[in-house]
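Q: I have not looked at this one before. Can we go through it step by step?

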Amino acid sequence: MKLDRDSSVLERYHRELLNFLNRQVGDSDTAADLAQESFARVLGAQSSGQAVLDMRALLYRTARNLVVDQYRRAEVRRHEDIDALAEDQSPPAPRHLQPEEALASRQITHAYLATIDALPPRCREAFVLHVFDELSHARIAEHMGISVSMVEKHIVRGMMACKQCQRRLRGEAGVATSALHPRAEEKT
């Protein structure tokens, strides 16, 4: 009985709401979709047990909110087609994604990794624990079973090897590794 009464109320407001939405969006298909969505939401709210005191007011409020949401989505989507831009107007990729930069970065990374791999095993272990795992000298000494002084010597040896690698890279390619490793300049 209640469903029949609700459906007749909805039928009564359908044309009115459809006309309202058509004036708002200027497109009858979009207005029909928004009206249907408004009715579906109101009926969903009502079937979930929510009391609907004024069906017409709730329909209009729901419809207005849907129109606002649609305008917001349209604004987000509104932009120039990047394929339609001329080659010289296309925005460049970020510097780190440029092919030359990516290759240089990869080469620098491989050079540093090769330098670290070339360290004696215990020196490499202490250096990696300090630089990459950020352990303190005391923790490294405890972990490796050596003195703090020996840990410091290993770390200094690793830093010197990396510094030589940096100088070699700058000399060979003229590449400023400080852009990739900002703290490298501070330690110079």
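Q: Is Y60 buried or exposed?
A: Y60 is buried, with a relative accessible area of 12%. Keep in mind that this is a predicted model.

Q: Which aromatic residue does Y60 pair with?
A: By the rule used here there is 1 aromatic pair. The pair is made by F20 and Y60, and it is tilted, at 5.0 Å centre to centre with 55 degrees between the planes.

Q: Where do the two sit in the chain?
A: F20 is in helix α1, residues 2-25, and Y60 is in helix α3, residues 55-77. They are 40 residues apart, so the pair links distant parts of the chain. F20 is buried as well, with a relative accessible area of 12%.

Q: Stepping back, how many helices and strands are there?
A: There are 8 helices and 0 strands. Along the sequence the pattern reads α-α-α-α-α-α-α-α.

Q: How much of the protein is buried?
A: Of its 188 residues, 28% are buried. The accessible surface is about 13300 Å², and carbon and sulfur atoms account for 53% of that.

Q: Which residues touch the most others in the largest nonpolar core?
A: That core has 17 residues, and L17, F20, L21 and L59 touch the most other members. The elements giving two or more residues to the core are α1, α2 (28-47) and α3. The largest share, 7 residues, comes from α3.

Q: What is L17 in contact with, leaving aside its neighbours within four places in sequence?
A: L17 is then in contact with A35, S38, F39, L59, Y60 and A63. One of these, Y60, is also the partner of F20 in the aromatic pair.

Q: Which residues are in the second core?
A: The second core is separate and has 11 residues, including I108, A111, A161 and C165.

Q: New topic: which residues of α6 are buried?
A: In helix α6, residues 137-144, the buried ones are I140, A141 and M144. They lie on the same side of α6, because they cover an arc of only 100 degrees around the axis.

Q: What is on the other side of α6?
A: R139, E142 and H143 are there, and they are exposed.

Q: Why would residues a few places apart end up on one side?
A: An α-helix has 3.6 residues a turn, so residues three or four places apart point the same way.

Q: What comes just after α6?
A: G145 does, and it takes a positive phi of about 70 degrees.

Q: Which residues are buried in α5?
A: In α5, residues 121-131, C123, A126, F127 and L129 are buried. Their arc around the axis is only 165 degrees, which puts them on the same side of α5.

Q: Last one: among contacts between residues at least 6 apart in sequence, how many join residues at least 24 apart?
A: The share is 53% of those contacts.

Definitions and conventions. Residues are numbered from 1 along each chain as its sequence is written. This is a predicted model: local features need pLDDT of at least 70, side-chain atom pairs count only at pLDDT 80 or more; totals for chains, interfaces and linings use all residues. Side-chain values use heavy atoms; hydrogens and water are left out. Rings of Phe, Tyr and Trp (its six-membered ring) pair if their centres lie within 6.5 Å; planes under 30 degrees apart count as stacked, over 60 as edge-to-face and the rest as tilted. Helices (H or I, at least four residues) and strands (E, at least two) are DSSP runs, numbered from the N terminus. Buried means under 20% relative accessible area, exposed over 50%, partly exposed in between (1.4 Å probe, protein chains only). The arc is that of the directions from the helix axis to the C-beta atoms. A nonpolar core is a set of buried Ala, Val, Leu, Ile, Met, Phe, Trp, Tyr and Cys residues joined through side-chain atoms within 4.5 Å. Contact means heavy atoms within 4.5 Å. Accessible areas come from the Shrake-Rupley method with a 1.4 Å probe; for residues, only the protein chains shown count as cover.
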